Amino acid sequence: MIFNPDPAAPLRTLSALPGFAATPLRTLAQPAGPTILIKDERDRMGLGAFKAVGGIHAVATLMAERDDVPTFVCASAGNHGYAVATGARLLGAKARIHLSRSTPASFIARLQLAGAEVVISDARYDELLLEAQADAAKTGAILLSDTADALDDRPPALVMEGYTLIAEELRAVFEVSGRWPTEVYLQAGVGGLAAAMAHMIRSSWRVQPRLIIVEPDAAPCLAASARAGRPVRVEGPDSVMGRLDCKAPSVLAHAVLERCEVEYATVSDAAAQTAADHLAFAGLPTTPSGAAGFAALLANALPADARPLITLTEGPLA
């Protein structure tokens, strides 16, 4: 399957739901250097992260094709599971989320309040994916992953289609202002957000920026896959950037990024934490995962007339 999303589709599925609105584009001036553009996804639909537009859109689309009450199953490092659970609750379905035992108790409670059944195990994220696949095969539930094992894996493609809404909201603002970004930093775990954004930027933005894909230095699976010319797994220690600490890429995301003319950068845990601290001091609290793009930007010496864009992908409690 070639990724050919309809960016109007997530607007149709999400605009009728409570709490839906375009997220703000903010600016952050620096004493020396360019003013930074910030797409602030920290309170998307009240869920605390950009994942809301992907998971809820996919649930709504798949439910519209059925005449029963389905159960959606997924593995999650946190935010994707919450989006799936919320979509299921809002639309009258059920959700079962596979989580690692290291998941904070407060987040497990959030999922349960959203009506989801939570399955806890000692597995790491890639092992959780296999557990969710086995669950769906055994129970007949719909596997709604945010990472694709094959190019024709439709549910992850729907999740990515949801993310295209973010790039469309940005395009609409830049079309009016005429002040297009010169660089866009896109943090990545399995790569769904980065690939969806890169696709939309390359296919629909009138003025083209540099695209820099940012990964933890403990999990540069997309950069390694780009060098190999195929999806590959990497090894490394656990990262404080838990949402981005993915050792294997989405096959679909890798394929999309291969045709989007992107660059790759890695950031250390220390750099991501420093970036998060900097943003908190500026009144924009987020996690090291949410600040990863900012960390990569700080490592670059950009001219004063540059207009770099970053995305705060999640709030501090996401």
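Trainee: What is the volume of the second largest pocket?

Mentor: Bear in mind that this is a predicted model, where local features need pLDDT of at least 70, side-chain atom pairs count only at pLDDT 80 or more, and totals for chains, interfaces and linings use all residues. Residues are numbered from 1 along each chain as its sequence is written, and side-chain values use heavy atoms, with hydrogens and water left out. A pocket here is an open set of points on a 1 Å grid over the protein atoms alone, where a 1.4 Å probe fits, with protein on both sides within 12 Å along at least five of seven lines. Filling the space with probe spheres set on the points, the second largest pocket comes to about 230 Å³.

Trainee: How many residues of H3 are buried?

Mentor: Buried means under 20% relative accessible area, with a 1.4 Å probe and protein chains only. H3 covers residues 79–91, and its buried residues include His80, Tyr82 and Val84. They pack against H2, E3, E4, H4 and H6 (contact is heavy atoms within 4.5 Å). Out of 13 residues in H3, the buried count is ten.

Trainee: Which residues touch the most other members of the largest nonpolar core?

Mentor: Such a core is a set of buried Ala, Val, Leu, Ile, Met, Phe, Trp, Tyr and Cys residues joined through side-chain atoms within 4.5 Å. In soluble globular proteins, nonpolar side chains tend to be buried together. This core has 72 residues, and the two that touch the most other members are Phe72 and Trp205.

Trainee: Is Ile142 buried or exposed?

Mentor: Ile142 sits in strand E6. Not counting residues up to four places away in sequence, Ile142 touches Leu62, Arg66, Pro70, Thr71, Phe72 and Val73. Its relative accessible area is 13%, so Ile142 is buried.

Technical notes. Helix = DSSP H or I, 4+ residues; strand = E, 2+ residues; numbered from the N terminus. Expected span 1.5 Å × (residues − 1). Buried < 20%, exposed > 50% of the residue type's maximum accessible area, 1.4 Å probe, protein only. 1 Å grid on protein atoms, 1.4 Å probe; cavity = no way out; pocket = protein on both sides within 12 Å on 5 of 7 lines; lining within 4 Å.
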